[in-house]
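Q: Could you go through this one with me? I would like to start with a single side chain and then move on to the helices.

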Amino acid sequence: MSPRTLTLDDTLYAYVNDIGGREPEIGRKLREKTQSMPMAGMQIAPDQGNALAMLVELIGARRAIEVGTFTGYSALRTALALPADGELVCCDVSDEWTAIGRPFWEEAGVAGKIDLRIAPAVETLDGLIANGWTGTVDFMFIDADKSNYDAYYERALVLVRTGGLIAVDNVLWSGAVIDDSDQSADTKAIRALNKKIHSDDRVTMALLPIGDGLTLARKR
Ligand SMILES: C[S@@+](CC[C@H](N)C(=O)[O-])C[C@H]1O[C@@H](n2cnc3c(N)ncnc32)[C@H](O)[C@@H]1O
């Protein structure tokens with residue numbers, strides 16, 4: 001058996017990002033712009049961006065949804081991986097944060113693929129379901145408020161087509177999921193969803209220890 005997933009020190013992690021993927025220049029620029037912000041830690045890391053882009057390409061996604069856009073880095077990486085006629089609905093409640101991403105989406109030539117909806121994501125997703133999107137979405141990335149994770153997952157299972165992919169971020173929550181003394185609402189919500197997906201016959205699943213933990217759930 002090969003060793004369990006390595007703990008990466010800073011040097012090895014830098015190597016992964018230098019050699020292990022091809023982050024587009026525009027992605028690096030948006031990441032660097034975001035790094036000066038107090039909430040910069042919410043942004044996915046470049047290695048995770050590489051993985052998302054690969055998954056989107058791999059399943060030949062055309063229609064995608066992102067729940068939690070922040071300054072638009074994961075949206076940029078997803079939109080760049082979609083075909084020219086692809087579409088990405090981005091759900092967020094912050095005009096201020098998402099406005100930072102827009103010029104980068106423009107510069108990357110993907111703004112036309114991105115439909116940003118500023119509203120609580122549950123409302124946006126319910127609206128899409130009401131408008132006939134059931135079973136039409138190829139890829140959905142969940143990366144917003146943790147207390148609604150189960151609500152997002154259930155709606156993802158309605159929206160995503162059979163064989164489509166749901167990716168859920170922060171499922172390790174910096175290790176808090178195994179800390180019994182942490183009974184915060186966010187940690188409990190993530191723990192509960194992890195347990196649910198583990199035994200959910202509606203999907204094939206794998207938790208990847210990348211970033212803060214990324215669960216992939218393929219709808220059966
Ligand atoms: C972790 S950040 C997303 C990071 C982003 N995916 C990236 O890689 O840059 C979470 C985002 O969820 C948004 N959010 C929080 N509650 C929300 C809600 N109820 N509906 C939609 N978005 C929400 C926040 O405004 C924030 O931008």
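A: Arg-31 counts as buried, because its relative accessibility is 18% and buried means under 20% relative accessible area, with over 50% being exposed and anything in between partly exposed (1.4 Å probe, protein chains only). This is a predicted model, in which local features need pLDDT of at least 70 and side-chain atom pairs count only at pLDDT 80 or more, while totals for chains, interfaces and linings use all residues. Residues are numbered from 1 along each chain as its sequence is written, and side-chain values use heavy atoms, leaving out hydrogens and water.

Q: And what does the side chain of Arg-31 make a polar contact with?

A: The partner is the side chain of Glu-23, at 2.6 Å; a polar contact here is a pair of N or O atoms within 3.5 Å, where, within protein, one must be able to donate a hydrogen and the other to accept it, and residues adjacent in sequence count only if both atoms are side-chain atoms.

Q: Switching to the loop between S5 and H8, is Trp-173 buried or partly exposed?

A: Trp-173 is partly exposed, with a relative accessible area of 24%, and its phi is near 50°, a positive value in a residue other than glycine.

Q: What about Asn-170, buried or exposed?

A: Asn-170 is buried, with a relative accessible area of 12%, and phi of Asn-170 is near 65°, again a positive value in a residue other than glycine.
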